[in-house]
Every structure is written in structure tokens, then in C-alpha cells.
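Have the model open as you read.

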Amino acid sequence: MFLLLLASVRSQATGVSDSLTAVLEQAIADKPAITKQKEATILAIKQSLSPEIPPAVTIELNTRLFKEYQKYQIDSAIAYVNKSLAIADQYHVSDWIITSKLQLSNLYSFTDKFLEAKELLETIPVTRLSSNQRADYYEAWLSFYEHRAANGYDKSQGSRIIAYRDSLLSVLDPASNRYKINLAVKSVINRQPEEARAILLPLDQPGMAKTKPEEAMLTYLLGVSYLQQKNNELARQYFTRSAIIDVQTAIKDNASLQGLAIMYHKEGNIKLAYTFTKSVIEDAIFCNIKFRTLSISELYTIINTEYLANEADAHGKLQLYLLLISTLSVFLVISLIYVYKQMQKVSRIKEALDISTQELRNLNEEITATNKKLTESNTQLSESNHIKEVYITQFLDLCSTYIDKLETYRKNLNKLAIGKQLEELYRVLKSTHIIEDEVEGLYAIFDRIFLGLYPNFIQEFNLLLLPEEQVSVKRGELLNTELRVFALIRLGITDSNKIAEFLRYSVSTIYNYRTKTRNKAVGKREEFEKMVMKIGNEAGASGDFNTKSTTFSDQTVN
């Protein structure tokens with residue numbers, strides 16, 4: 001399980017690196033469009049410059065151009081800082097003079113003009129610096145000594161680099177990103193990667209306020225910290241993230257891309273190493289960053305040689321593959337001809353099989369239809385048998401009940417005759433009350449038995465009618481007259497005479513009930529009664545009705 005988990009984590013990490021690498025390659029491919037957009041931004045600022053605007057506005061616009069050109073095209077950045085410096089000298093604005101000199105010294109350090117950078121820094125009065133200018137002042141000296149050391153001019157100035165970095169940290173706001181990034185740089189230089197990550201990882205969280213250059217710098221430092229611990233996968237991820245920001249924002253000083261090129265070269269991925277190194281050296285030459293050009297030139301020569309050798313080897317293999325493919329193509333054509341002939345034979349056999357299959361399918365459909373009819377017939381027979389059993393039981397019970405009631409009725413009449421209560425006897429014989437009560441009792445028994453057989457009859461019957469024409473029963477009723485007519489039809493009694501006799505109505509009344517209800521049907525009227533006959537087919541006689549437990553003791557049969 002541990003090995004599987006480890007493999008899963010590694011595959012996920014590799015997948016992240018591959019997706020980031022794809023984004024980076026696309027960004028490099030889009031560099032012409034990115035450069036065009038950058039030039040459009042610069043042009044918009046330049047168009048705002050004119051002799052009529054105030055000097056302060058001119059300096060502000062020149063400063064914006066300096067920031068746009070700073071890591072894009074250093075020579076242009078120097079030109080606009082010099083313009084700002086000339087205006088500041090002309091109007092004796094000391095703050096702008098100091099700011100321009102600090103900006104210019106930084107640019108000179110990048111282009112290996114160390115004498116000019118040092119001269120500018122030495123002319124700056126330290127005691128007159130503001131807090132922000134003091135931080136820029138220390139950073140300018142730090143940049144001066146770092147670039148001298150990087151170019152091999154003076155590698156014995158490590159103590160000064162440390163001193164100026166400490167001085168820079170002493171004047172920066174500890175809560176600022178600039179302070180935290182410089183503190184992380186110090187930890188990385190001192191080979192303390194865990195301390196560097198403790199500072200940088202909180203800054204890398206979503207929602208943390210930071211500029212694109214700050215994000216590019218902190219992800220680059222995170223990559224270096226992981227590289228110091230030989231965690232190449234995470235180092236590659238952070239270097240790639242940093243390089244993507246650099247390329248997408250037209251920053252030409254690509255330390256992250258250079259680090260990636262070195263890593264891929266060591267891993268033997270010459271194609272990516274060549275792509276990234278070529279991009280770095282093109283940007284360095286375009287921007288005129290001397291130390292970056294020198295540091296990448298040797299690696300580019302090595303990678304370019306290996307890349308060309310790989311291309312030549314690939315070209316030789318390609319020729320061999322073309323020869324093999326040509327040979328295989330001949331065999332393929334022969335095989336295709338043979339396969340085509342075989343396919344013709346198979347096609348003829350398949351046609352014969354299709355005819356046989358169709359005949360079998362037709363026979364199967366006929367057998368299925370016959371089986372369906374038999375099943376329906378069996379279901380109907382089973383239902384009819386069950387209904388017969390239920391009604392025979394109820395009929396016997398009902399007959400027994402009515403015999404008892406006739407006997408009681410006879411005894412009552414006999415008593416009246418013996419007692420010579422002739423008026424009362426005539427009154428009882430003329431009264432229809434007993435008959436009406438018995439009829440109501442009979443209908444109640446019928447309703448109960450029928451709904452026991454088909455408990456969902458009313459709901460299913462209403463589904464056959466239009467929504468506005470659906471039937472409802474009054475409180476205390478189980479079925480009404482209209483429902484009893486179609487209940488009898490469901491039981492197979494379709495003769496209107498028999499229905500009329502049972503319900504004690506005229507034949508014309510029953511006919512009117514049937515016609516009126518058919519006119520309310522949702523579907524075809526002539527199919528309505530057939531659909532009624534199918535109500536309850538699934539439940540049918542297997543409803544909840546229990547013949548053994550059904551009695552008439554609770555009916556109003558007296």
C-alpha cells in the first residue's frame with residue numbers, strides 16, 4: 001500500500017509538471033504576440049509625452065517608461081532615466097535627482113557598466129535620503145556587488161553583499177513583501193531552504209496580495225530552495241510557474257527559464273533544454289543583460305551541439321523508417337488485395353446469414369406474439385376463476401343471509417296475522433322501505449367486494465377520462481351509479497339489460513350513462529370500454545380482497 005501511495009503521489013506530481021510545461025511552451029510560442037502587446041502599452045505612454053506638459057508629468061511618464069523597459073530593454077530604460085535626470089537637474093529637484101541616479105545605477109550594474117554605477121552611487125548624499133530612497137540605495141549597492149561577483153570581476157566581496165543586504169532589511173517594513181522576499185534570498189544564500197520556504201509559502205497562498213514580479217521572484221526562490229534539497233520535481237514546478245509569469249509579462253531576465261534549461265539538460269531532455277535555452281539567450285540579447293548572456297552562452301553552445309547531433313541522428317532514423325515503411329507499404333497493398341477478396345466472400349456469407357437471421361427473427365416474433373396471447377388468456381382465465389370463487393363464496397353467504405331474513409320476515413307477518421293486526425299487516429305489506437334498504441345493502445356489499453378485487457379501480461378509471469371530467473364519490477360512498485355501471489362491465493357484464501336489472505334502472509338510462517362516459521374519454525371513444533376491461537390486469541384478482549374474512553355483519557342489512 002505504501003509503494004502504491006508513493007507511486008500515486010509521484011504520478012500526480014509528474015502530471016502537474018507536464019501540464020505546467022505545456023503552458024510554458026505555449027507561452028514561449030506566443031512571445032511575438034506578447035511582445036506586440038508590450039510595445040502597444042509602451043507606445044500608449046509615449047504618445048502622452050509632449051513638450052507642452054509640465055516637467056513633473058514628464059518625469060512621471062518617463063518613470064513609467066523606465067518601469068516598462070527595466071526588464072524588457074535596458075538601453076531604452078537608461079535613455080528615459082537619463083531624460084528624467086536631465087529635467088531634475090534643470091529644475092534642481094533633489095529628490096528626483098537621487099531617484100534617477102539610483103535607477104540608473106541599477107541599470108548600469110545589469111549592463112556591466114560598473115564604473116558608471118559606482119560613480120553615480122558615490123555622488124548620492126546618504127544623509128539626505130528618505131526612508132524609501134535609503135532602501136533603494138542599499139539595494140543599488142547590493143545589486144552592484146552581486147553583478148560584479150556574478151561576472152567574475154570581484155569574488156571577494158561576499159562580506160559587502162551580506163552587509164548591504166542586512167542594511168536593506170533593516171530599513172524595510174517587516175510586513176512588506178519586499179522585506180520577506182529579501183529575507184528569503186538571504187536564507188537561500190545561506191543554504192537554509194526550510195527557513196526560506198517558511199517565509200515564502202504563506203505568500204504563495206491564493207488571495208495574498210502580490211505583484212506579478214513578486215510572484216515570479218518568490219516562486220523562483222521556492223524552486224531554488226527545493227533544488228538545494230534535491231527535490232527536483234517540486235523545484236521544476238516552481239521554476240516553471242516563475243518562468244510562465246516572466247514570459248507572459250514580457251520580462252526578458254529569465255533566471256527561472258535558465259534553471260529549467262539546466263535541469264532538463266542534466267536529465268537528458270535535450271529538446272526542452274534547447275527550447276528554453278534558446279528563449280533565454282534571445283531575451284538576454286534583446287534586453288542587453290550582459291551577465292545573463294555570458295552565463296547562458298556556454299550552456300547554449302553545449303545544448304545546441306547536442307540538439308543538432310540528435311536532429312542528425314533523428315534524420316538518419318527517419319530515412320531508415322521511410323525505407324521500412326515503403327517496404328511495409330508494398331506488403332500492405334498485397335495484404336489489402338487479399339483481405340478485399342476475403343471480405344467479398346465473407347460479405348456473401350453474411351448476406352446469407354442475414355436472411356436466415358431475419359427469418360428466425362420473424363419466427364421468434366410470431367412465437368412471442370403467440371406466447372403473449374396465451375399469457376393474456378391464462379391471466380384472464382385465472383382472474384375469472386378467482387372472481388368466480390369469490391362470488392360463489394359471497395353468493396352462498398348472501399343466500400344464507402337472505403334465507404334467514406326471509407324467515408324472520410315470515411315470522412313477523414305470521415305474528416301480525418295471528419294477532420289479527422290487519423291494519424299493521426297491510427301497512428307492512430304495502431311499504432317499500434324494506435326493499436330499498438335491502439337494495440342499498442346489496443349495493444354496499446357489491447361495492448365492497450368489487451373494490452376488494454380491484455382496489456385501484458376508481459383511480460385507474462379516472463386516468464381514462466379527461467382531467468375536468470373525472471369521477472369522484474361522496475363521503476360515505478364506495479361507488480356511485482356511474483362507477484357501478486362500469487364496475488359490472490369490468491366484471492364482464494356488458495349487456496345493458498342485465499346491468500339495468502341489477503341496478504334497477506331503465507335500459508335507456510344505462511345506455512345514456514355508457515354513452516355520456518365514453519364521450520369523456522381521453523383516447524378513442526370506441527376503445528374506452530375495452531380499456532375499462534383491462535383495469536387492474538396486473539393486480540387483478542390478486543388484490544387485497546379476502547373471501548374468508550369478508551362478512552356482512554357490519555353492513556346495513558337488517
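## Rings and a helix pair

Start in helix H7 (residues 131-150), where Tyr137 and Trp141 both sit, four residues apart, or about one turn of the helix. Keep in mind that this is a predicted model. Are these two residues buried or exposed? The table has the numbers.

| Residue | Relative accessible area | Class |
|---|---|---|
| Tyr137 | 9% | buried |
| Trp141 | 6% | buried |

Both count as buried because the cut-off for that label is under 20% relative accessible area.

Now for the rings themselves. A pair of aromatic rings is described by how far apart the centres are and by the angle between the planes. The structure holds 25 aromatic pairs. In the pair formed by Tyr137 and Trp141, the ring centres are 6.4 Å apart and the planes stand at 85 degrees, so this one is edge-to-face.

On to the helix pair. Helix H5 (residues 94-110) packs with helix H6 (residues 114-122) at an angle of about 160 degrees, and their axes are 8 Å apart. That angle makes H5 roughly antiparallel to H6. The crossing of H5 and H6 is left-handed.

Which residues meet there? From H5 come Lys101, Leu102, Leu104, Ser105, Tyr108 and Ser109, and from H6 come Phe114, Glu116, Ala117, Leu120 and Leu121. By type, the residues of this contact of H5 with H6 split into seven nonpolar, two polar and two charged.

Definitions and conventions
Residues are numbered from 1 along each chain as its sequence is written. This is a predicted model: local features need pLDDT of at least 70, side-chain atom pairs count only at pLDDT 80 or more; totals for chains, interfaces and linings use all residues. Side-chain values use heavy atoms; hydrogens and water are left out. Axes are lines fitted to C-alpha atoms, for helices over the stretch in contact, and angles run from 0 to 180 degrees between N-to-C directions. Helices (H or I, at least four residues) and strands (E, at least two) are DSSP runs, numbered from the N terminus. Angles under 35 degrees count as roughly parallel, over 145 as roughly antiparallel, 65 to 115 as roughly perpendicular and the rest as oblique. A crossing is left-handed if the near helix is turned anticlockwise from the far one by less than a right angle, and right-handed if clockwise. Contact means heavy atoms within 4.5 Å. Ala, Val, Leu, Ile, Met, Phe, Trp, Tyr, Cys and Pro count as nonpolar, Asp, Glu, Lys and Arg as charged, and the others, Gly among them, as polar. Rings of Phe, Tyr and Trp (its six-membered ring) pair if their centres lie within 6.5 Å; planes under 30 degrees apart count as stacked, over 60 as edge-to-face and the rest as tilted. Buried means under 20% relative accessible area, exposed over 50%, partly exposed in between (1.4 Å probe, protein chains only).
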